[in-house]
Amino acid sequence: EKVAAWQKKALDVKSTADTMEAFIQSLKTIMVENSDGKGANPEAIKNLGDLDAAPETMLSPVNPRAKVLKKNVIEFKEFLINIIGDTATNKKAAKVIRSISSSMNTSKSGGSDNKDWENVLFDQMPVAASVALLTNLQNDIRNIESEVISYLYDQIDAADYKFTGLK
């Protein structure tokens, strides 16, 4: 009974991370097909330096996939933070939330150009670089998933007090 609530949260985290990763994989496939042709493989890009495929795929005003990706990343971040819950008295929860916020940061670039997150990733970028950045985002999602599930696992016994070695 004590495990069921935490297990459900962990399964929700895994399911949501799986959905995010699959969505990003589909974006990589579309982008590489725009560069190399139908049936192209994101793991074997032929036109590595193609500067048109990434912005055409992701930044098109007709189908702004990068905006959808950004929205999904923000929603994923908020979902994970809500799963973790209150951090007022839990330093580990606060640390996990800082990690989530850092890994899933979609803020503007800052500096003199102050570009939107999506433009930093896809504007005037070779297709190989954009695919690598998307792969990095997938890795960040899996790392955060692991960190959150580990945190949830630790919470199963967190309310139990264990006394050993009392004399």
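Angles under 35 degrees count as roughly parallel, over 145 as roughly antiparallel, 65 to 115 as roughly perpendicular, and the rest as oblique. The angles themselves run from 0 to 180 degrees between N-to-C directions, and the axes are lines fitted to C-alpha atoms, for helices over the stretch in contact. This is a predicted model, so local features need pLDDT of at least 70 and side-chain atom pairs count only at pLDDT 80 or more, while totals for chains, interfaces and linings use all residues. Residues are numbered from 1 along each chain as its sequence is written, and side-chain values use heavy atoms, with hydrogens and water left out.

On to the overall picture. The protein chain has 6 helices and 0 strands, with helices (H or I, at least four residues) and strands (E, at least two) taken as DSSP runs numbered from the N terminus. Read from the N terminus on, its elements go α-α-α-α-α-α. The C-alpha trace spans about 70 × 40 × 30 Å along its principal axes. The radius of gyration of the protein chain is 20 Å, whereas a compact globule of 167 residues would come out near 15 Å; this radius is taken over C-alpha atoms, and the globule rule is 2.2 Å times the number of residues to the power 0.38.

As for the surface, the protein chain exposes about 9,800 Å², of which carbon and sulfur atoms supply 53%. Such areas come from the Shrake-Rupley method with a 1.4 Å probe, and for residues only the protein chains shown count as cover. Of the 167 residues, 35% are buried, where buried means under 20% relative accessible area, exposed over 50%, and partly exposed in between (1.4 Å probe, protein chains only). Among contacts (heavy atoms within 4.5 Å) with a separation of 6 or more, 70% join residues 24 or more positions apart.

Two helix pairs are worth a look. Helix H3 (residues 65-84) and helix H4 (residues 91-103) have axes that come within 10 Å and cross at roughly 180°, so H3 and H4 are roughly antiparallel to each other. On the H3 side the contact is made by Lys77, Leu80, Ile81 and Ile84, and on the H4 side by Ala93, Val96, Ile97, Ile100 and Ser101. Sorted by class, that contact of H3 with H4 has 7 nonpolar, 1 polar and 1 charged residues. Here Ala, Val, Leu, Ile, Met, Phe, Trp, Tyr, Cys and Pro count as nonpolar, Asp, Glu, Lys and Arg as charged, and the others, Gly among them, as polar.

The other pair is helix H1 (residues 2-36) with helix H6 (residues 127-155), which pack at an angle of about 175° with their axes 10 Å apart. H1 and H6 are therefore roughly antiparallel to each other. The classes in the contact of H1 with H6 come to 17 nonpolar, 6 polar and 7 charged residues.

Next come the loops. Ala40 sits in the loop between H1 and H2, and with a relative accessible area of 14% it is buried. Apart from neighbours within four places in sequence, Ala40 is in contact with Val32 and Glu33. Its C-alpha atom is separated by 8.8 Å from that of Ile30, 10 residues apart along the chain. Asn41 also has its place in the loop between H1 and helix H2 (53-58), but at 38% relative accessibility Asn41 counts as partly exposed. From Asn41 to Lys108 the chain runs 67 residues, and the two are 31 Å apart in space, C-alpha to C-alpha.

Further along, Asp86 lies in the loop between H3 and H4 and is exposed, with a relative accessible area of 59%. The C-alpha atoms of Asp86 and Ser102 are separated by 18 Å, with the residues 16 apart along the chain. Gln124 belongs to the loop between helix H5 (117-122) and H6, and at 62% relative accessibility Gln124 counts as exposed. Although not a glycine, Gln124 has a positive phi of about 55°.

Back in a helix, Lys70 lies in H3. Leaving aside neighbours within four places in sequence, Lys70 is in contact with Thr106, Trp117 and Glu118. Lys70 and Glu118 are 48 residues apart along the chain, with their C-alpha atoms separated by 7.1 Å.
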